[in-house]
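Here are my notes on the model, point by point. Please keep the structure open while you read.

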Amino acid sequence: MSNSTYKVPIGPQHPALKEPENFLLTVDGEEIIDVKIRLGYVHRGGEKAFENRTYVQGLYLIERVCGICAMAHQLCYVNNLEPMMDVEAPPRAQYIRTIVAELERVHSHLLWLGVAAHEIGFDTLFMYCWRDREVSLDLMEMITGNRVLHAANTIGGVRRDLTADMISKTRKGIALLKKRTEYYKKLVLAEKTILKRALGVGILSTKDAAELCAVGPTARASNVKKDVRKDDPYSAYDEIPFNLITYDLCDVASRVLVRVDELIESANIIEYSLDHLPTGPIGVRAPRSIPPGENVSIVEAPRGEDIHYCKSNGTDKPERYKVRAPTLGNWASMAKMLIGGYVADVPITLAAIDPCMSCTDRVAFIDANSGKNWIWSTEQIKKYSKKNGGR
Amino acid sequence: MLSDISKEQEIVNNLKDKFGDKIIEAKVQSARRVFVTIDSKSLIKVTKFLAKEKNYTHVATISGLDLVKNLAVIYHLREYHSKEQFITLSLKVEVAKDKPKLPTIITIIPGAELYEREVHDLFGIVFEGHPDLSPLILPEHWPSGVYPLRKEYKLEDIKTKIEKVKK
């Protein structure tokens, strides 16, 4: 047995990976028998950085954990700090937060659907999905001012109010996306290219998903009924009716279907929130420092739950700020999915948990590319940016 | 807003009844948030009780914490198959900084594997019985014995230490 196995490194630089991580596969012929994970290639020292910054500065740093789920992380951050400061965001702010968070889920799931299509060689669908994703990005730009890194929240509320014009434009955009998503669902269920590459690939049983603490759509695609928006409601989710989507195929196809259905649910949540948008202020004043204490907050990001832990010490800077992004919670499950599968299915199985390496790697100090370590100062980054046409 | 916290109070009472003075502190912070500090010697017993008898089978993450004199590890545990809204129970244990050793909990909750590796990287806490504590996130040439999230390592110190290794 040991004579016939080989070790195949995937990453940190590999065509199948969109971001750098390393997976050392032990293969017997085409079959994968073991996986070893090595992370850290895009670590930026986030958790240490929080300890050296004020809570207000942290509000913007937290978004940099991940460009795709910036809103989810920031929402988790403010949800963590607000009870510690003894402030509560007004109802209108809670609804606006919900709307932006769901728009982010729409953009992230469409992005994922596109990437998944690309990984199985179905680039037409990839182009369609990414075209539609622009609609949600444009809506977020209109509402928050930014396509990504929205900075929608502030401690005690949101930064911008929704105008009547914004509401009607959002309704139009969401109606369009809902129509398109329904078409994609029909396509996913009928198109042989997708079914051949997705059915029975990357199996994660319900028992394994529970034992390995899988989160988000990955867990729900293995029939684990678990969604923070239902289980531990925040913002306006306890007032909004929506369905918790699960599928029991436990494979890549299941993960596609969960996300497609969630796109429709998100559209419904946004429409409901717009219909029931409360009137009133969008923010309250919050103190700069927090008395000694600790708190945990959880938010359902597009990829699964974000959990943040904060320990305060009475100053305007946290004693400790811990961030766990959903991808780290899903690596163990992903290793399980790969084992017993074929090398050719690695890209789609990896893509199926919707990994976000930057999210996972939020803590490091340096870039460890091919063994070389270095740190760039702000000046060097500016110089590099200028050299490459930046301002 | 007053919410019903009887379920939260119940788990705190259960722990107090079962483990008595091994529970150093137990409080219900708010709805669905419970913080419990226990004696590190009882870690396995308490985790087993929570997982096997109370269905706290999900570890959301493990946070390391530097308390200057001691280090602390917080296991953020959760009910998994509960139909109602779930409670997040943060189980805290303290360990001495000069002898940072704890038993691994992966025999009880397999999902803790990567989190323990992460805390080992960043705080230097050794989880005895863990099958693989090789670096998960720190680079290959990281100076040994430098645990970046401990308070004694300031940003500048880490920078100098890395540069030294580079040379």
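1. Start with the buried side of α5(A). This is a predicted model. In this helix, the buried residues are A:Leu125, A:Phe126, A:Cys129, A:Asp132, A:Arg133, A:Val135, A:Ser136, A:Leu137, A:Leu139, A:Met140, A:Ile143 and A:Thr144. Their cover includes three helices of chain A: α4 (91-119), α6 (164-190) and α7 (192-198).

2. Now the helix itself. α5 of chain A covers residues 123-144, which is 22 residues. From first C-alpha to last, α5 reaches 31 Å, close to the 32 Å expected at 1.5 Å a residue. Just after α5(A) comes A:Gly145, with a positive phi of about 100°.

3. Next, look at A:His308. This residue is found in strand β7 (residues 304-312) of chain A. Is A:His308 buried or exposed? A:His308 counts as buried because its relative accessibility is 0%, and buried means under 20%.

4. What does A:His308 touch? Leaving out residues up to four places away in sequence, its contacts include A:Ile62, A:His73, A:Cys76, A:Asn295 and A:Tyr321. With A:Tyr321 there is also a polar contact, side chain to side chain, at 2.8 Å.

5. Turn to chain B. Its secondary structure comes to 4 helices and 7 strands. From the N terminus on, the order is α-β-β-α-β-β-β-β-α-β-α. The C-alpha trace of chain B spans about 60 × 35 × 30 Å along its principal axes.

6. Chain B has 167 residues, and 53% of them count as buried. Its accessible surface comes to about 7,900 Å². Carbon and sulfur atoms account for 51% of that surface.

7. Last, the charges. Chain B has 28 positive and 24 negative charges.

Conventions:
Residues numbered from 1 in each chain as written. Chains lettered and ligands numbered in written order. Predicted model: local features only at pLDDT ≥ 70, side-chain atom pairs only at ≥ 80, totals over all residues. Heavy atoms only, no water. Helix = DSSP H or I, 4+ residues; strand = E, 2+ residues; numbered from the N terminus. Expected span 1.5 Å × (residues − 1). Buried < 20%, exposed > 50% of the residue type's maximum accessible area, 1.4 Å probe, protein only. Contact = heavy atoms within 4.5 Å. Polar contact = N/O pair within 3.5 Å; in protein donor to acceptor, adjacent residues only side chain to side chain. Areas by Shrake-Rupley, 256 points an atom, 1.4 Å probe, with all protein chains shown as cover. Lys, Arg positive; Asp, Glu negative; His and termini not counted. Charge placed at Lys NZ, Arg CZ, Asp CG, Glu CD.
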